[in-house]
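I opened the notebook to look up charge pairs, the metal site and the open spaces of one model. The entries follow in the order in which I looked.

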Amino acid sequence: MTRTLVRGGTVVSATGSQLLDVLIDGETIAAVVQPGTPVFGADPATLAEVVIDATGKYVIPGGVDGHTHMQMPFGGTEASDTFETGTRAAAFGGTTTIVDFVVQTPGVRVQDALASWHQKAAGQCAIDYGFHQIIGDVTDESLKGMAELVAEGVTSFKLFMAYPGVFYSDDGKILRAMQTSADLGALLMMHAENGIAIDVLVAQALQRGDTAPYFHGTTRPWQLEEEATHRAIMLAQVTGAPLYVVHVSAKQALEQIAQARGQGLNVFGETCPQYLYLSLEEQLGAPGFEGAKWVCSTPLRARAEGHQDELWRYIRTGDVASVATDHCPFCMKDQKEMGIGDFSKIPNGIGGVEHRMDLMFQGVKDGRISLERWVEVCCTEPARMFGMYPRKGVISPGADADIVVYDPDGHTSIGLGKTHHMNMDYSAYEGFEIDGHVDTVLSRGRVIVDDGRYLGSTGHGRFVPRGLSSNLI
Ligand SMILES: [Zn+2]
(Lines give C-alpha, C1' and ligand atoms only; values in the text may rest on other atoms or scores of the structure.)
Protein backbone atom coordinates (compact mmCIF):
# COMPACT_ATOMS: atom_id res chain seq x y z
CA MET A 1 0.00 0.00 0.00
CA THR A 2 1.49 3.29 -1.12
CA ARG A 3 1.30 6.29 1.14
CA THR A 4 1.06 9.56 -0.74
CA LEU A 5 1.11 13.11 0.61
CA VAL A 6 -0.45 15.96 -1.33
CA ARG A 7 1.26 18.92 0.26
CA GLY A 8 1.00 22.70 0.22
CA GLY A 9 -2.25 23.09 -1.72
CA THR A 10 -5.56 24.75 -0.98
CA VAL A 11 -8.16 22.07 -0.36
CA VAL A 12 -11.47 23.25 -1.78
CA SER A 13 -14.73 21.75 -0.61
CA ALA A 14 -18.39 22.68 -1.03
CA THR A 15 -18.19 24.58 2.25
CA GLY A 16 -14.87 26.39 2.07
CA SER A 17 -11.20 26.51 1.12
CA GLN A 18 -8.19 26.05 3.33
CA LEU A 19 -4.46 25.34 3.14
CA LEU A 20 -4.33 21.65 4.08
CA ASP A 21 -2.17 18.60 3.50
CA VAL A 22 -3.80 15.35 2.45
CA LEU A 23 -2.30 12.01 3.46
CA ILE A 24 -3.42 9.03 1.42
CA ASP A 25 -2.95 5.48 2.60
CA GLY A 26 -3.54 2.97 -0.17
CA GLU A 27 -6.87 3.70 -1.81
CA THR A 28 -8.37 6.03 0.76
CA ILE A 29 -7.67 9.32 2.51
CA ALA A 30 -6.08 8.77 5.90
CA ALA A 31 -5.78 12.32 7.18
CA VAL A 32 -6.42 15.93 6.20
CA VAL A 33 -4.34 18.24 8.36
CA GLN A 34 -3.05 21.78 8.60
CA PRO A 35 0.51 22.02 7.29
CA GLY A 36 3.02 21.09 9.96
CA THR A 37 0.56 19.05 12.01
CA PRO A 38 1.92 15.62 12.95
CA VAL A 39 -0.03 12.55 11.86
CA PHE A 40 0.26 9.43 14.02
CA GLY A 41 2.91 11.39 15.95
CA ALA A 42 5.11 11.95 12.92
CA ASP A 43 5.68 14.51 10.15
CA PRO A 44 3.37 13.23 7.39
CA ALA A 45 6.15 13.67 4.83
CA THR A 46 8.20 11.01 6.62
CA LEU A 47 5.24 8.62 6.42
CA ALA A 48 4.74 9.05 2.69
CA GLU A 49 6.61 7.29 -0.10
CA VAL A 50 5.26 9.74 -2.68
CA VAL A 51 4.96 13.49 -2.15
CA ILE A 52 2.98 15.64 -4.57
CA ASP A 53 3.72 19.34 -4.31
CA ALA A 54 0.48 21.28 -4.72
CA THR A 55 1.82 24.68 -3.71
CA GLY A 56 -0.26 27.40 -5.37
CA LYS A 57 -2.78 24.86 -6.62
CA TYR A 58 -6.27 23.77 -5.69
CA VAL A 59 -6.74 20.29 -4.31
CA ILE A 60 -10.27 19.15 -5.06
CA PRO A 61 -12.28 15.93 -4.96
CA GLY A 62 -12.25 14.07 -8.28
CA GLY A 63 -15.11 15.08 -10.54
CA VAL A 64 -18.30 13.04 -10.52
CA ASP A 65 -20.15 13.11 -13.83
CA GLY A 66 -23.64 11.83 -13.12
CA HIS A 67 -24.78 11.53 -16.72
CA THR A 68 -22.86 9.71 -19.46
CA HIS A 69 -23.67 7.30 -22.29
CA MET A 70 -20.65 5.24 -23.28
CA GLN A 71 -21.20 3.07 -26.36
CA MET A 72 -24.94 3.66 -26.16
CA PRO A 73 -27.06 2.32 -29.01
CA PHE A 74 -29.01 5.16 -30.66
CA GLY A 75 -30.78 5.44 -34.00
CA GLY A 76 -29.03 2.50 -35.66
CA THR A 77 -25.56 3.41 -34.45
CA GLU A 78 -23.68 3.53 -31.15
CA ALA A 79 -22.07 6.37 -29.17
CA SER A 80 -18.48 6.48 -30.35
CA ASP A 81 -16.73 6.37 -26.97
CA THR A 82 -16.39 2.94 -25.43
CA PHE A 83 -16.15 2.55 -21.67
CA GLU A 84 -12.40 2.35 -22.21
CA THR A 85 -11.91 5.49 -24.35
CA GLY A 86 -14.60 7.54 -22.62
CA THR A 87 -13.40 6.95 -19.08
CA ARG A 88 -9.78 7.63 -20.09
CA ALA A 89 -10.87 10.96 -21.59
CA ALA A 90 -12.81 11.70 -18.41
CA ALA A 91 -9.66 11.06 -16.36
CA PHE A 92 -7.68 13.54 -18.45
CA GLY A 93 -10.25 16.16 -17.55
CA GLY A 94 -10.26 15.50 -13.80
CA THR A 95 -13.36 13.33 -13.60
CA THR A 96 -12.83 10.19 -11.53
CA THR A 97 -16.35 8.76 -11.36
CA ILE A 98 -19.11 8.51 -13.94
CA VAL A 99 -22.65 7.24 -13.64
CA ASP A 100 -23.67 5.77 -16.98
CA PHE A 101 -27.08 4.64 -18.21
CA VAL A 102 -28.14 1.05 -18.69
CA VAL A 103 -30.75 0.88 -21.44
CA GLN A 104 -33.69 -1.46 -21.06
CA THR A 105 -35.66 -1.88 -24.28
CA PRO A 106 -39.09 -3.51 -24.64
CA GLY A 107 -39.02 -7.25 -24.21
CA VAL A 108 -35.78 -7.26 -22.20
CA ARG A 109 -35.81 -7.82 -18.42
CA VAL A 110 -34.31 -4.90 -16.49
CA GLN A 111 -32.01 -7.35 -14.71
CA ASP A 112 -30.74 -8.71 -18.04
CA ALA A 113 -30.16 -5.20 -19.38
CA LEU A 114 -28.10 -4.41 -16.29
CA ALA A 115 -26.12 -7.63 -16.69
CA SER A 116 -25.24 -6.76 -20.28
CA TRP A 117 -24.04 -3.27 -19.28
CA HIS A 118 -21.92 -4.80 -16.54
CA GLN A 119 -20.39 -6.95 -19.21
CA LYS A 120 -19.62 -3.96 -21.44
CA ALA A 121 -17.96 -1.95 -18.66
CA ALA A 122 -16.21 -4.60 -16.56
CA GLY A 123 -12.46 -4.53 -16.95
CA GLN A 124 -12.62 -1.59 -19.37
CA CYS A 125 -12.79 1.55 -17.26
CA ALA A 126 -9.99 3.90 -16.25
CA ILE A 127 -12.07 5.36 -13.41
CA ASP A 128 -14.86 4.18 -11.13
CA TYR A 129 -18.37 3.94 -12.50
CA GLY A 130 -21.94 3.39 -11.42
CA PHE A 131 -25.15 2.82 -13.34
CA HIS A 132 -28.57 4.41 -13.59
CA GLN A 133 -31.22 2.29 -15.28
CA ILE A 134 -33.37 3.50 -18.15
CA ILE A 135 -36.78 1.86 -17.94
CA GLY A 136 -37.81 1.75 -21.59
CA ASP A 137 -40.69 -0.61 -20.96
CA VAL A 138 -42.80 0.01 -17.85
CA THR A 139 -44.45 -3.36 -17.15
CA ASP A 140 -45.34 -5.27 -14.00
CA GLU A 141 -42.13 -7.23 -14.39
CA SER A 142 -39.97 -4.13 -14.86
CA LEU A 143 -41.50 -2.49 -11.81
CA LYS A 144 -40.75 -5.57 -9.72
CA GLY A 145 -37.24 -5.61 -11.12
CA MET A 146 -36.58 -2.10 -9.82
CA ALA A 147 -36.41 -3.38 -6.24
CA GLU A 148 -33.78 -5.95 -7.23
CA LEU A 149 -31.73 -3.28 -8.93
CA VAL A 150 -31.78 -1.05 -5.86
CA ALA A 151 -30.40 -3.97 -3.87
CA GLU A 152 -27.59 -4.25 -6.42
CA GLY A 153 -26.61 -0.61 -6.11
CA VAL A 154 -28.56 0.84 -9.03
CA THR A 155 -30.73 3.32 -7.18
CA SER A 156 -31.98 5.71 -9.87
CA PHE A 157 -34.29 5.14 -12.82
CA LYS A 158 -34.75 7.22 -15.91
CA LEU A 159 -37.89 7.66 -17.96
CA PHE A 160 -38.49 9.57 -21.18
CA MET A 161 -41.36 11.88 -22.06
CA ALA A 162 -39.64 12.22 -25.46
CA TYR A 163 -38.82 9.76 -28.27
CA PRO A 164 -42.21 8.08 -28.92
CA GLY A 165 -41.75 4.53 -30.15
CA VAL A 166 -38.26 4.30 -28.66
CA PHE A 167 -37.87 5.18 -24.97
CA TYR A 168 -41.16 7.04 -24.50
CA SER A 169 -43.42 6.40 -21.51
CA ASP A 170 -46.95 7.78 -21.41
CA ASP A 171 -48.25 9.52 -18.29
CA GLY A 172 -49.84 6.35 -16.93
CA LYS A 173 -46.56 4.47 -17.17
CA ILE A 174 -44.71 7.38 -15.62
CA LEU A 175 -47.18 7.44 -12.76
CA ARG A 176 -46.72 3.72 -12.08
CA ALA A 177 -42.92 3.92 -12.19
CA MET A 178 -43.01 6.93 -9.89
CA GLN A 179 -45.19 5.06 -7.40
CA THR A 180 -42.64 2.24 -7.33
CA SER A 181 -39.80 4.73 -7.05
CA ALA A 182 -41.53 6.46 -4.13
CA ASP A 183 -41.98 3.09 -2.37
CA LEU A 184 -38.30 2.26 -2.82
CA GLY A 185 -37.01 5.76 -1.95
CA ALA A 186 -35.20 5.69 -5.29
CA LEU A 187 -34.60 8.71 -7.49
CA LEU A 188 -36.73 9.03 -10.61
CA MET A 189 -34.86 10.78 -13.43
CA MET A 190 -36.76 12.38 -16.26
CA HIS A 191 -36.03 13.47 -19.81
CA ALA A 192 -38.72 16.14 -19.85
CA GLU A 193 -39.81 17.12 -23.36
CA ASN A 194 -43.24 16.61 -24.89
CA GLY A 195 -42.21 14.05 -27.51
CA ILE A 196 -45.66 13.54 -29.01
CA ALA A 197 -45.98 17.23 -29.94
CA ILE A 198 -42.33 17.42 -31.01
CA ASP A 199 -42.77 14.57 -33.48
CA VAL A 200 -45.61 16.45 -35.20
CA LEU A 201 -43.49 19.62 -35.47
CA VAL A 202 -40.60 17.58 -36.86
CA ALA A 203 -42.76 15.94 -39.53
CA GLN A 204 -44.21 19.32 -40.53
CA ALA A 205 -40.76 20.92 -40.76
CA LEU A 206 -39.43 18.13 -42.97
CA GLN A 207 -42.47 18.41 -45.20
CA ARG A 208 -41.77 22.14 -45.64
CA GLY A 209 -38.21 21.28 -46.67
CA ASP A 210 -36.67 22.57 -43.42
CA THR A 211 -34.15 19.75 -43.20
CA ALA A 212 -31.01 21.48 -41.81
CA PRO A 213 -29.68 20.81 -38.29
CA TYR A 214 -30.97 24.21 -37.12
CA PHE A 215 -34.54 22.90 -37.30
CA HIS A 216 -33.75 20.27 -34.70
CA GLY A 217 -33.75 23.20 -32.30
CA THR A 218 -36.83 25.01 -33.58
CA THR A 219 -38.96 21.86 -33.55
CA ARG A 220 -38.21 21.34 -29.86
CA PRO A 221 -39.35 24.73 -28.51
CA TRP A 222 -38.85 25.65 -24.85
CA GLN A 223 -42.60 25.54 -24.24
CA LEU A 224 -42.54 21.76 -24.76
CA GLU A 225 -39.71 21.42 -22.25
CA GLU A 226 -41.44 23.66 -19.73
CA GLU A 227 -44.73 21.81 -20.17
CA ALA A 228 -43.17 18.37 -19.72
CA THR A 229 -41.14 19.54 -16.73
CA HIS A 230 -44.29 20.89 -15.11
CA ARG A 231 -46.16 17.66 -15.84
CA ALA A 232 -43.34 15.55 -14.40
CA ILE A 233 -43.34 17.66 -11.25
CA MET A 234 -47.12 17.29 -10.84
CA LEU A 235 -46.91 13.52 -11.33
CA ALA A 236 -44.06 13.38 -8.82
CA GLN A 237 -46.14 15.37 -6.36
CA VAL A 238 -49.09 13.01 -6.76
CA THR A 239 -46.93 9.94 -6.17
CA GLY A 240 -44.39 11.30 -3.69
CA ALA A 241 -41.50 10.24 -5.94
CA PRO A 242 -38.24 12.17 -5.73
CA LEU A 243 -37.64 13.72 -9.16
CA TYR A 244 -34.38 14.64 -10.88
CA VAL A 245 -34.86 16.40 -14.21
CA VAL A 246 -31.90 15.73 -16.50
CA HIS A 247 -30.22 18.12 -18.94
CA VAL A 248 -32.48 21.13 -18.45
CA SER A 249 -31.78 23.72 -21.16
CA ALA A 250 -34.78 26.09 -21.02
CA LYS A 251 -34.87 28.79 -18.35
CA GLN A 252 -38.64 28.33 -18.14
CA ALA A 253 -38.22 24.65 -17.23
CA LEU A 254 -35.81 25.64 -14.49
CA GLU A 255 -38.32 28.15 -13.21
CA GLN A 256 -40.75 25.24 -12.81
CA ILE A 257 -38.11 23.34 -10.83
CA ALA A 258 -37.32 26.39 -8.70
CA GLN A 259 -41.01 26.80 -7.87
CA ALA A 260 -41.36 23.13 -6.92
CA ARG A 261 -38.31 23.41 -4.70
CA GLY A 262 -39.79 26.52 -3.16
CA GLN A 263 -42.74 24.38 -2.14
CA GLY A 264 -40.40 21.93 -0.43
CA LEU A 265 -40.69 19.14 -3.00
CA ASN A 266 -37.93 16.61 -3.65
CA VAL A 267 -37.29 18.03 -7.11
CA PHE A 268 -33.80 18.56 -8.50
CA GLY A 269 -32.41 20.02 -11.71
CA GLU A 270 -29.38 19.11 -13.79
CA THR A 271 -27.81 21.08 -16.59
CA CYS A 272 -24.75 20.59 -18.80
CA PRO A 273 -21.92 22.84 -20.01
CA GLN A 274 -23.27 22.86 -23.58
CA TYR A 275 -26.38 24.69 -22.39
CA LEU A 276 -24.27 27.25 -20.53
CA TYR A 277 -21.86 28.03 -23.36
CA LEU A 278 -23.41 27.11 -26.70
CA SER A 279 -26.54 28.35 -28.47
CA LEU A 280 -29.16 27.72 -31.13
CA GLU A 281 -28.01 30.66 -33.23
CA GLU A 282 -24.23 30.16 -33.13
CA GLN A 283 -23.82 26.38 -33.12
CA LEU A 284 -27.00 24.69 -34.38
CA GLY A 285 -27.33 27.51 -36.88
CA ALA A 286 -23.81 27.06 -38.27
CA PRO A 287 -23.64 27.01 -42.10
CA GLY A 288 -24.42 23.88 -44.11
CA PHE A 289 -24.46 20.62 -42.15
CA GLU A 290 -21.99 21.90 -39.53
CA GLY A 291 -24.74 22.37 -36.93
CA ALA A 292 -25.11 18.57 -36.71
CA LYS A 293 -22.14 18.58 -34.33
CA TRP A 294 -24.39 20.14 -31.71
CA VAL A 295 -27.60 18.19 -32.24
CA CYS A 296 -28.61 16.95 -28.81
CA SER A 297 -31.85 16.78 -26.82
CA THR A 298 -32.93 18.87 -25.06
CA PRO A 299 -31.59 21.26 -27.73
CA LEU A 300 -29.28 24.23 -27.39
CA ARG A 301 -31.38 27.32 -26.73
CA ALA A 302 -31.46 30.81 -28.27
CA ARG A 303 -28.96 33.20 -26.76
CA ALA A 304 -31.31 36.05 -27.68
CA GLU A 305 -33.78 34.60 -25.16
CA GLY A 306 -31.19 34.62 -22.39
CA HIS A 307 -31.31 30.97 -21.35
CA GLN A 308 -27.54 30.64 -20.84
CA ASP A 309 -27.27 33.50 -18.34
CA GLU A 310 -30.34 32.32 -16.47
CA LEU A 311 -28.94 28.77 -16.21
CA TRP A 312 -25.78 30.12 -14.61
CA ARG A 313 -27.95 32.06 -12.18
CA TYR A 314 -29.89 28.92 -11.27
CA ILE A 315 -26.59 27.17 -10.54
CA ARG A 316 -25.85 29.92 -8.04
CA THR A 317 -29.26 29.69 -6.40
CA GLY A 318 -29.01 25.92 -6.00
CA ASP A 319 -31.99 25.12 -8.22
CA VAL A 320 -29.50 23.46 -10.56
CA ALA A 321 -28.21 20.79 -8.20
CA SER A 322 -25.57 19.25 -10.39
CA VAL A 323 -23.74 19.80 -13.66
CA ALA A 324 -23.19 16.69 -15.78
CA THR A 325 -22.18 16.30 -19.42
CA ASP A 326 -24.79 13.97 -20.94
CA HIS A 327 -21.67 12.74 -22.76
CA CYS A 328 -23.00 10.92 -25.84
CA PRO A 329 -20.51 11.43 -28.66
CA PHE A 330 -20.96 10.64 -32.31
CA CYS A 331 -18.49 11.27 -35.11
CA MET A 332 -19.46 13.49 -38.02
CA LYS A 333 -18.26 10.86 -40.47
CA ASP A 334 -20.77 8.04 -40.93
CA GLN A 335 -22.70 8.93 -37.76
CA LYS A 336 -23.92 12.53 -37.69
CA GLU A 337 -23.83 12.32 -41.51
CA MET A 338 -26.77 9.92 -41.36
CA GLY A 339 -28.90 13.05 -41.07
CA ILE A 340 -27.77 14.93 -44.16
CA GLY A 341 -31.02 16.06 -45.78
CA ASP A 342 -33.09 15.07 -42.70
CA PHE A 343 -32.13 16.51 -39.31
CA SER A 344 -34.33 13.97 -37.52
CA LYS A 345 -31.87 11.23 -38.51
CA ILE A 346 -28.87 12.93 -36.88
CA PRO A 347 -27.90 10.89 -33.80
CA ASN A 348 -28.60 13.04 -30.72
CA GLY A 349 -25.62 13.74 -28.53
CA ILE A 350 -22.57 15.84 -27.69
CA GLY A 351 -19.29 14.61 -26.26
CA GLY A 352 -17.89 16.58 -23.36
CA VAL A 353 -16.89 14.24 -20.54
CA GLU A 354 -13.29 15.48 -20.81
CA HIS A 355 -14.02 19.18 -20.45
CA ARG A 356 -16.65 19.59 -17.73
CA MET A 357 -14.30 20.45 -14.88
CA ASP A 358 -12.44 23.01 -17.02
CA LEU A 359 -15.56 24.59 -18.52
CA MET A 360 -17.12 24.97 -15.11
CA PHE A 361 -13.90 26.35 -13.62
CA GLN A 362 -14.03 29.01 -16.32
CA GLY A 363 -17.33 29.98 -14.71
CA VAL A 364 -15.36 30.70 -11.53
CA LYS A 365 -12.85 32.81 -13.45
CA ASP A 366 -15.67 34.67 -15.19
CA GLY A 367 -17.36 35.50 -11.89
CA ARG A 368 -20.37 33.28 -12.57
CA ILE A 369 -20.01 30.94 -9.58
CA SER A 370 -17.80 30.70 -6.51
CA LEU A 371 -14.86 28.33 -6.23
CA GLU A 372 -16.75 26.28 -3.66
CA ARG A 373 -19.87 26.08 -5.81
CA TRP A 374 -17.69 24.75 -8.65
CA VAL A 375 -16.64 21.82 -6.47
CA GLU A 376 -20.15 21.38 -5.16
CA VAL A 377 -21.95 21.09 -8.52
CA CYS A 378 -19.19 19.07 -10.20
CA CYS A 379 -18.14 16.72 -7.39
CA THR A 380 -19.95 16.82 -4.07
CA GLU A 381 -23.57 17.25 -5.08
CA PRO A 382 -23.62 14.48 -7.70
CA ALA A 383 -22.03 12.16 -5.12
CA ARG A 384 -24.73 13.03 -2.58
CA MET A 385 -27.52 12.96 -5.16
CA PHE A 386 -26.61 9.50 -6.39
CA GLY A 387 -25.82 7.82 -3.09
CA MET A 388 -22.01 7.76 -3.24
CA TYR A 389 -21.26 10.27 -0.48
CA PRO A 390 -18.97 10.40 1.50
CA ARG A 391 -17.04 7.75 -0.39
CA LYS A 392 -16.93 10.10 -3.39
CA GLY A 393 -17.20 13.86 -3.80
CA VAL A 394 -15.29 15.00 -0.73
CA ILE A 395 -11.75 15.12 0.62
CA SER A 396 -12.06 13.73 4.10
CA PRO A 397 -10.67 10.80 6.09
CA GLY A 398 -12.12 7.49 4.92
CA ALA A 399 -13.17 8.77 1.50
CA ASP A 400 -11.75 7.22 -1.65
CA ALA A 401 -8.55 9.06 -2.58
CA ASP A 402 -9.98 10.50 -5.80
CA ILE A 403 -8.19 13.82 -5.98
CA VAL A 404 -7.41 16.45 -8.60
CA VAL A 405 -4.61 18.97 -8.30
CA TYR A 406 -5.90 21.91 -10.31
CA ASP A 407 -3.75 24.87 -11.35
CA PRO A 408 -5.75 28.13 -11.36
CA ASP A 409 -2.86 29.87 -13.12
CA GLY A 410 -2.52 27.20 -15.79
CA HIS A 411 -4.09 27.21 -19.23
CA THR A 412 -5.98 24.68 -21.33
CA SER A 413 -6.71 25.00 -25.05
CA ILE A 414 -9.60 22.77 -26.03
CA GLY A 415 -9.64 21.22 -29.47
CA LEU A 416 -8.58 18.39 -31.76
CA GLY A 417 -4.86 17.78 -31.58
CA LYS A 418 -4.62 19.75 -28.33
CA THR A 419 -6.45 18.22 -25.38
CA HIS A 420 -8.81 15.86 -27.10
CA HIS A 421 -8.89 12.24 -25.97
CA MET A 422 -12.52 11.41 -26.70
CA ASN A 423 -13.21 9.11 -29.64
CA MET A 424 -14.79 11.78 -31.83
CA ASP A 425 -13.60 13.40 -35.05
CA TYR A 426 -14.45 16.91 -33.84
CA SER A 427 -14.65 18.84 -30.59
CA ALA A 428 -17.92 20.48 -29.56
CA TYR A 429 -15.80 23.13 -27.82
CA GLU A 430 -13.12 23.66 -30.47
CA GLY A 431 -11.15 26.81 -29.79
CA PHE A 432 -12.29 27.28 -26.20
CA GLU A 433 -9.52 28.67 -23.99
CA ILE A 434 -9.67 27.83 -20.28
CA ASP A 435 -7.89 29.82 -17.58
CA GLY A 436 -6.99 26.75 -15.56
CA HIS A 437 -5.41 23.32 -15.90
CA VAL A 438 -5.83 19.81 -14.58
CA ASP A 439 -2.31 18.98 -13.32
CA THR A 440 -2.59 15.67 -11.50
CA VAL A 441 -5.43 13.20 -11.13
CA LEU A 442 -5.56 10.41 -8.58
CA SER A 443 -8.10 7.62 -8.60
CA ARG A 444 -8.24 5.65 -5.34
CA GLY A 445 -4.74 6.74 -4.43
CA ARG A 446 -3.15 6.02 -7.77
CA VAL A 447 -1.86 8.79 -10.03
CA ILE A 448 -3.65 8.21 -13.35
CA VAL A 449 -2.91 11.53 -15.07
CA ASP A 450 0.09 13.75 -14.51
CA ASP A 451 0.72 16.90 -16.54
CA GLY A 452 -1.11 15.59 -19.59
CA ARG A 453 0.44 12.10 -19.42
CA TYR A 454 -1.81 9.13 -18.90
CA LEU A 455 -0.51 6.81 -16.18
CA GLY A 456 -3.69 4.86 -15.53
CA SER A 457 -4.76 1.53 -16.88
CA THR A 458 -7.75 -0.10 -18.51
CA GLY A 459 -9.68 -1.97 -15.87
CA HIS A 460 -8.49 0.07 -12.89
CA GLY A 461 -12.01 1.50 -12.57
CA ARG A 462 -14.46 -0.45 -10.45
CA PHE A 463 -18.23 -0.59 -10.26
CA VAL A 464 -19.59 1.54 -7.42
CA PRO A 465 -22.74 0.09 -5.88
CA ARG A 466 -24.75 3.13 -4.84
CA GLY A 467 -26.98 3.73 -1.85
CA LEU A 468 -30.09 5.87 -1.85
CA SER A 469 -29.72 9.60 -2.38
CA SER A 470 -28.76 11.50 0.76
CA ASN A 471 -30.62 14.60 -0.47
CA LEU A 472 -34.17 13.41 0.07
CA ILE A 473 -36.44 14.63 2.81
ZN1 LIG B 1 -28.62 11.49 -21.59
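**Salt bridges.** I counted 29 salt bridges, taking as one a side-chain nitrogen of Lys or Arg within 4 Å of a carboxyl oxygen of Asp or Glu. This is a predicted model, so I kept in mind that local features need pLDDT of at least 70, that side-chain atom pairs count only at pLDDT 80 or more, and that totals for chains, interfaces and linings use all residues. Residues are numbered from 1 along each chain as its sequence is written, and side-chain values use heavy atoms, with hydrogens and water left out.

**Pairs at R444.** I looked up E27 and R444, which form a salt bridge with their closest N and O atoms 3.2 Å apart. The two are 417 residues apart and link distant parts of the chain, E27 sitting in the loop between strand 4 (21-25) and strand 5 (28-33), and R444 in the loop between strand 21 (437-443) and strand 22 (446-450). For these elements I used DSSP runs numbered from the N terminus, helices being H or I of at least four residues and strands E of at least two.

R444 is also in a salt bridge with D128, at 2.7 Å from N to O. D128 belongs to strand 12 (residues 128-135) and R444 to the loop between strand 21 and strand 22, so this pair ties together parts that are 316 residues apart in sequence.

I then checked accessibility, where buried means under 20% relative accessible area, exposed over 50%, and partly exposed in between (1.4 Å probe, protein chains only). R444 is buried at 4% and D128 is buried at 0%, whereas E27 is partly exposed at 32%.

Which residues are linked with these in a network of salt bridges? I found E27, D128, R391, K392, D400, D402, R444 and R462 in that network.

**Pair between helices.** D140 and R176 form a salt bridge whose closest N and O atoms are 2.5 Å apart. I placed D140 in helix 4 (residues 140-151) and R176 in helix 5 (residues 171-184), so the pair ties together parts that are 36 residues apart in sequence. D140 is partly exposed, with a relative accessible area of 49%, and R176 is partly exposed at 35%.

**Zinc site.** I found the zinc ion coordinated by H67 (NE2), H69 (NE2) and D326 (OD) at 2.1 to 2.2 Å. Donors here are N, O and S atoms within 2.8 Å of the metal (3.2 Å for Na, K and Ca), and water is not among the atoms, so sites may look incomplete. Along the chain the donors follow the spacing H-x1-H-x256-D. H67 and H69 are buried.

**Pockets.** I took a pocket as an open set of points on a 1 Å grid over the protein atoms alone, where a 1.4 Å probe fits, with protein on both sides within 12 Å along at least five of seven lines; lining residues have an atom within 4 Å of a point. The largest pocket holds about 450 Å³ of space, a volume being the space filled by probe spheres set on the points, which are joined across faces, edges and corners.

Its lining has 25 residues, with F74, Y163, V166, S344 and N348 nearest the centre of the largest pocket. Strand 9 (73-74) and helix 6 (195-208) are the elements that give two or more residues to this lining, and helix 6 gives the most, with three.

The second largest pocket holds about 170 Å³. Of its 14 lining residues, F92, E354, T412, T419 and H437 are the closest to its centre.
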